Amino acid sequence: MIRRTFLALTSVAALASATVAFADGHSKDIVDTAVGAGSFSTLVAAVQAAGLVDTLKGEGPFTVFAPTDEAFAALPEGTVASLLLPENKDQLVSILTYHVVAGKVMSSDLSNNMMASTVQGSDVKIMTEGGVTVNGANVITADIKASNGVIHVIDAVILPN
């Protein structure tokens, strides 16, 4: 009986603290949301190596087209390791910022043949017929809200020209 009461009180306390933490619906920023998801360890490592953590934890808002670990694994062997080297930081920053659009762009804001300017400076092409794609990468999960923007999960790493 005491054990059940303790478990019930613990559950209520946990629920109460979760309610406070998520009172705004999404208290984690883009980086913390990606870390918490568990399927973006390569992306997070790349963001750290590029020195972009503070930027993506900033006020924003940002829209991030986030490649999964599997998307990075599909790159030619050695590509990720090479990009993470300090001497390739500029190239890594260019690739990562090509996955970011300034502003909060939800899936309901997208239209077919839409061009979106990335933080890197180039545009990405968004298609909405037969599923949403960004430069040919499929959006596999959309509208993951964060306190400073939104994440759309993609199945490929997109590369600027």
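**Exercise 1. Find which residues lie nearest the centre of the largest pocket, and classify its lining.**

Step 1. The largest pocket is lined by 19 residues; Val47, Leu56, Val64, Leu96 and Val100 lie nearest its centre. A pocket here is an open set of points on a 1 Å grid over the protein atoms alone, with protein on both sides within 12 Å along at least five of seven lines; lining residues have an atom within 4 Å of a point.

Step 2. Helix 2, helix 3, helix 4, strand 1 and helix 7 each give two or more residues to this lining. Helices (H or I, at least four residues) and strands (E, at least two) are DSSP runs, numbered from the N terminus.

Step 3. The lining divides into 16 nonpolar, three polar and no charged residues. Ala, Val, Leu, Ile, Met, Phe, Trp, Tyr, Cys and Pro count as nonpolar, Asp, Glu, Lys and Arg as charged, and the others, Gly among them, as polar.

Step 4. Note the basis. This is a predicted model: local features need pLDDT of at least 70, side-chain atom pairs count only at pLDDT 80 or more, and totals for chains, interfaces and linings use all residues. Residues are numbered from 1 along each chain as its sequence is written, and side-chain values use heavy atoms, without hydrogens and water.

**Exercise 2. Locate the buried residues of helix 2 and say what covers them.**

Step 1. Helix 2 spans residues 30-37, and its buried residues are Ile30, Val31, Thr33 and Ala34. Buried means under 20% relative accessible area, with a 1.4 Å probe and protein chains only.

Step 2. These residues lie on the same side of helix 2, because they cover an arc of only 165° around the axis. The arc is that of the directions from the helix axis to the C-beta atoms.

Step 3. Their cover includes helix 3 (41-50), helix 4 (53-56), strand 1 (62-67), strand 6 (137-146) and strand 7 (149-154).

Step 4. Check both ends. At the start, a side-chain oxygen of Asp29 comes within 3.0 Å of the backbone nitrogen of Val31. Gly38 follows helix 2, with a positive phi near 85°.

**Exercise 3. Describe the surroundings of His152.**

Step 1. His152 sits in strand 7. Its relative accessibility is 2%, so His152 counts as buried.

Step 2. The His152 side chain reaches the backbone oxygen of Val105 at 2.7 Å. A polar atom of that side chain lies 3.1 Å from the backbone nitrogen of Asp143.

Step 3. Beyond neighbours within four places in sequence, His152 has contacts (heavy atoms within 4.5 Å) that include Thr63, Phe65, Met106 and Thr141.

Methods
Buried < 20%, exposed > 50% of the residue type's maximum accessible area, 1.4 Å probe, protein only. Polar contact = N/O pair within 3.5 Å; in protein donor to acceptor, adjacent residues only side chain to side chain. 1 Å grid on protein atoms, 1.4 Å probe; cavity = no way out; pocket = protein on both sides within 12 Å on 5 of 7 lines; lining within 4 Å.
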